[in-house]
Amino acid sequence: MGSGDSKLHFRKAVIQLTSTTQPVEASDGVFWEQFWAEPSMSVQDIFALVPAAEIRALREESPSNLATLCYKVVEKLSWAAVRGCPSERERVAVLNCARLLTRLLPFVFEDADWRGFLWAGLPAARKQQRCPDDDDRDAEGPDGSRPLAETLLLSVADLLFCPDFTVQGRKRVGQEVAVDADGVDSCELIWEAGVGFSQSPPLNCTHDSNRTELLKLLLTCFSEVLYLPPAEHRHNPWVLFFCSAANRHALPLFTSLLNVVCAYEPSGWGLPYDHLLFSDQRRLLVEQALQVLMVALEQRRPHAASAVEDETDSGGPENQFVNFLSRIHREEDLSFILKGVSRLLNNPLLQTYLPNSAKKIAFHQELLVLFWKLCDFNKKFLFFVLKSSDVLDVLVPILFFLNEARADPSGAGLVHMGVFILLLLSGERNFGVRLNKPFTLRVPMDVPVFSGTHADLLIVIFHRMMTCGHQRLQPLFDCLLTVIVNVSPYLKSLSMVSANKLLHLLEVFSWPWFLFSAPHNHQLVFFLLEVFNNLIQYQFDGNSNLVYSLIRRRSLFQQLANLQADADAIHAALLHKKKKKKNKKSAGAADSRPRPRQDESAQPDAPEDVPDLHRTRIHNISQVSQVGGDVALPSDAPQTPAECSVVGGASDTESNSERDHEDTQTESEAATRLPAAASPPSSLPPPSASAAWSATPDWVQSWKSKLPLQTIMRLLQVLVPQVEKICIDKGLTDESEILKFLQHGTLVGLLPVPHPILIRKYQVNAVTSSWFHTHTWGIVYLRNLDPPVWYDTDIRLFEIQKI
């Protein structure tokens, strides 16, 4: 039968089902066989032949027919899973059923009245037709049978390890023989060598294609949460059951998904343009495996954010995927995962002499989410990443992605994810130590040329994000500076470029109008002063470039120390801001972001060059970014708390005279919440409250008196006269001579007692968990547009803007 005839017969069956208002009997096997018996039906064909309007009409006008169709499709998958798909006809039927359910389920989830249908027990007709071998596999439900959803999930799990369909089968002589699903040991059929499995099965494109189809169906099953608003965010029953001990394939499936991702080599044979000559089914499988892992690992029982969640968690099954991930501990397994993830993250940075000759992956966002979960759930993996310079193989691509996406509103989610990872890593001392390794790579980034370390690269990229980034990134300024503060005690030698970047940020953020514009803007100045203090107190000997920059820009600190706090000065500063804004508006320059200048030591062009962070924090929730050209996804940009939540006491640190190259000082650990994200508007201060706020002399004095300027002012008091004297005595005009003097200088015994090192660490909270939930499903939605699984359905988790 030709492809055209198959599509015609399938289309006639769809019309017959949707046009009749009379229920079609479940016993009419000839009619129902039409939906999965036809060969040569791709998933794109089924999406085209079953329009969304007809599915909705079937749901509304003939609900019994839709219910029976779902029952019959799940029944077919269940029987096939038990029998083991012994014939080609069975395998075609399974694939067609999987594709049909992938098309139907989003419209079932779309209607609140239908969501409970899949968790109801099977009807009497289904129970009578069950295979006798099925009795041991199906636990009794409330009405005497398993819910339809559980039967579907267990069937998909069995089919993912079905010999000669999705895994390599044992050689058999003679006729096709049915394989009992219960007789298959899936732990011996893991898809790829890696964690917990040493044998590498032969590559089979057909098996990879079949696995991809089933994983897409599995991801569709998990997507019920897309149709719930953020306020109704709860545990996903589909994920909870599939990742529970009820699924006997949980361990081998988790291992298979992880190994397939980490073992993937995009370059193939390594020949130029080979990806244009050969199809790569493994890439499609890797993408689906990553997305299933992302969603499956999202459910986490420990650390409930509220009493309500804690009560809900206590009754739910344990997520075996999270459990397995947290228990990976062998060095070879950790190394395999890290090398695989870092290799894939670095793939978009590849440069070749022949343009577009190397294959570039497009699933780096999924990789970042997976890396986050690896570090968050498995502390052994986090420590393994940080114990060597391998962490820099992850840092460089993250900084590359941040730099690429900084000015693109559609990349806000990617930027937030990258910053969160760096904030998590910066909470560990080893991360700051590793940043001292010289940066010698040639990465395609439009950053100023400099000779320095990875710390210099980090500071340069962060500076570009804060001065040349999209305004939607403004709530992240606190996080960016927190990362720099966390690593600053361990940075041995900053370049002149990065030192000037830090001073430029202080210059921009210390303008009076900016400090008086919002109640939390001054916190940015506190962060920068803490960075300078850490570098002076703990790494003075190697940071002559920074000290020289401090001396050159000493007027900034004098202006901060002499900041006028009376009512007239506050009024004049804010009035100056309004005049500048009015002038800019009349000149047609509407962009109010800080802009970089060639001469970083020059004064800022205009006060408007710095955004109003407080107003952004309030209004950013409703913003929608444009992604992919077809749809738009809200980034739900996290709302950064202006003041970090710090816990723990300070520890003793070494004195100036006791510094050495090993940085053996201890540090006090502090906890800070990641920026809150995707929180409902009711949890934020109302706009009227923000508009009513105004700076007062008492408020300015309350934080001005706490500015940590003592160490910097003491350094300037000692070194400025010495540098001026040398310049006059020797007639120096070259800064290299001054730098040599500063390199051999010392401030031992002249500076105040070293302050304790304060590290702000990521702390789990409900708001950030909600943001990760939204961000994860936003990636899944946008990465599944061919076929468009959830397109044109009533998504409620986030806004969709069609452009």
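**Helices, core and selected residues**

Analyst: Helix α24 (residues 477–487) is mostly covered, with 11 of its 11 residues buried. Helices here are DSSP runs of H or I with at least four residues, strands are E runs of at least two, and both are numbered from the N terminus. Buried means under 20% relative accessible area, exposed over 50%, and partly exposed in between, with a 1.4 Å probe and protein chains only.

User: What kind of model is this, and how are residues numbered?
Analyst: This is a predicted model, in which local features need pLDDT of at least 70 and side-chain atom pairs count only at pLDDT 80 or more, while totals for chains, interfaces and linings use all residues. Residues are numbered from 1 along each chain as its sequence is written, and side-chain values use heavy atoms, leaving out hydrogens and water.

User: Which residues of α24 are buried?
Analyst: Among them are F477, D478, L480, V483, I484 and N486.

User: What does F462 touch?
Analyst: Leaving aside neighbours within four places in sequence, F462 is in contact (heavy atoms within 4.5 Å) with L399, L402, L422, L480, V483 and I484.

User: How many residues has the largest nonpolar core?
Analyst: The largest nonpolar core has 238 residues, and F35, F321, F462 and F532 have the most contacts inside it. Its largest share, 12 residues, comes from helix α6 (residues 88–110). Such a core is a set of buried Ala, Val, Leu, Ile, Met, Phe, Trp, Tyr and Cys residues joined through side-chain atoms within 4.5 Å.

User: At what angle do α5 and α6 pack?
Analyst: Helix α5 (residues 63–83) packs against α6 at about 140 degrees, with the axes 10 Å apart. That makes the pair oblique. Angles under 35 degrees count as roughly parallel, over 145 as roughly antiparallel, 65 to 115 as roughly perpendicular, and the rest as oblique. Axes are lines fitted to C-alpha atoms, for helices over the stretch in contact, and angles run from 0 to 180 degrees between N-to-C directions.

User: Now Q537: buried or exposed?
Analyst: Q537 is buried, at a relative accessible area of 1%, and lies in helix α27 (residues 522–538). Its side chain makes a polar contact of 3.3 Å with that of T711. Such a contact pairs N or O atoms within 3.5 Å; within protein, one must be able to donate a hydrogen and the other to accept it, and residues adjacent in sequence count only if both atoms are side-chain atoms.

User: And where does L535 lie?
Analyst: L535 lies in helix α27 and counts as buried at 1% relative accessibility.
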